[in-house]
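Please walk me through this model feature by feature.

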Amino acid sequence: MTLLLMAAGSGSRYGKLKQFDDLGPKGEFLMEFGIYDALKNNFDHIVVITKKENVTFLKSHLEDRLPSKVKLDVLPQELSDLPDGVDFKGVRKKPWGTAHAVWTARKVINGPFAVINADDFYGHSAYQNAAKFMQQHPSDNTYALLGYTLKNTLSENGSVSRGVCEVNEDDLKSVEERLKLEQVGDQVVDHDSGKRYTGNEQVSMNFWVCKPSIFDKIESEFRTFLSDDNRIANSELYLPIIIQQMLQAEEVRVKLIPSGGEWFGVTYASDKEKALKKLQDKTNNNEYISPLWS
């Protein structure tokens, strides 16, 4: 089973490359706890998508820590990685987006795989539930989203963006992106749209289980994207939107699986102290050994 980590972001709100910040008790990166939890649940292939300038460093860092039986691929997300026959000669600083990050791994993944953000903590049970799902659905076109309770994913240091899920029993129907969610009294308010939520809704924190069928879909959408000058200049190709398109076209089913665990991230620099404490507490409670890779 494969775990793909997206680690090519710039950390604009955090102020530095948060993927490589020392948050664990022995200086571990946050992504290392996700990898550790995945390996505990029989994942045996780790794929990390990062910026070209970070590939050598990150590959060496992880090779020194991971068991030798684990396959590791560290791949660069590059603007020059385009579909065959397509050229781009413009100027663009940002990556093409999270869907393109996943597409970057198309040559090294040939089975079910989980996708996560490298700068988020998802909890051991999320990997356990993802692994169980992958074992039950090894080859069909059923995808999954690991869901989290909205009120448990907010930041005390500012508004956050979340994908609020619409579900029919355990079938995901849609993910509604809300860009400025914040706790206001006993409700969660999206300051962008004015919508209010109880806080008990399930949200996406970008923990997906996908199949290789997604690579062809991303490439098709990427070709369309690259033919539109306005999108090239201002937009990105987002993984949740690609999956929703597949869902609406009935190309896939997507199961919403409650993660059963705790999520936290480091959106803002002021979130770091909370993350440090949480990881130390979990280590003190013997949820993790220290150092993590001893």
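This is a predicted model: local features need pLDDT of at least 70, side-chain atom pairs count only at pLDDT 80 or more; totals for chains, interfaces and linings use all residues.

Q: How many helices and strands are in the protein chain?
A: Helices (H or I, at least four residues) and strands (E, at least two) are DSSP runs, numbered from the N terminus. Here there are eight helices and 13 strands.

Q: How does the radius of gyration of the protein chain relate to that of a compact globule?
A: The radius is taken over C-alpha atoms, and the globule rule is 2.2 Å times the number of residues to the power 0.38. For 294 residues a compact globule would come near 19 Å; the chain has 18 Å, so the two agree. The C-alpha trace spans about 55 × 50 × 40 Å along its principal axes.

Q: What share of the residues counts as buried?
A: Buried means under 20% relative accessible area, exposed over 50%, partly exposed in between (1.4 Å probe, protein chains only). By that cut-off, 53% of the 294 residues are buried. Helix 1 (residues 30-40) is mostly covered, with 10 of its 11 residues buried. Among them are Met31, Phe33, Tyr36 and Asp37. Just after helix 1, asparagine 42 takes a positive phi of about 75°.

Q: Which residues touch the most other members of the largest nonpolar core?
A: A nonpolar core is a set of buried Ala, Val, Leu, Ile, Met, Phe, Trp, Tyr and Cys residues joined through side-chain atoms within 4.5 Å. The largest one has 45 residues, and Leu3, Leu5, Ile46, Tyr122 and Phe207 touch the most other members. Helix 4 (residues 124-136) supplies the largest share of this core, six residues. Apart from it lies another core, of 38 residues, including Trp96 and Ile243.

Q: What does isoleucine 46 touch?
A: Contact means heavy atoms within 4.5 Å. Not counting residues up to four places away in sequence, the partners of isoleucine 46 include Leu3, Leu5, Ile35 and Val70.

Q: In which sense do strand 2 and strand 3 pair?
A: Two strands pair if DSSP finds at least two bridges between them. Strand 2 (residues 45-50) and strand 3 (residues 71-76) are parallel, over six bridges. Threonine 50 stands opposite proline 76 in strand 3.

Q: What handedness does the unit with helix 2 have?
A: Point the strands away from the viewer: a crossover is right-handed if the path from the first strand over the helix to the second runs clockwise. Strand 2, helix 2 (residues 55-63) and strand 3 make a right-handed β-α-β unit.

Q: Where are the hairpin turns around strand 8?
A: Strand 7 (residues 160-168) and strand 8 (residues 171-184) run antiparallel, joined by eight bridges. Two residues separate them in a hairpin, and glutamate 169 in the turn has a positive phi of about 55°. Strand 8 also pairs antiparallel with strand 9 (residues 187-190), over four bridges. That hairpin too has two residues between its strands; glycine 185 in the turn has a positive phi of about 65°.

Q: Is glutamate 221 buried or exposed?
A: Glutamate 221 counts as buried because its relative accessibility is 17%. This residue lies in helix 5 (residues 213-226). Leaving out residues up to four places away in sequence, glutamate 221 touches Leu237, Ile242 and Gln245.

Definitions and conventions: Residues are numbered from 1 along each chain as its sequence is written. Side-chain values use heavy atoms; hydrogens and water are left out.
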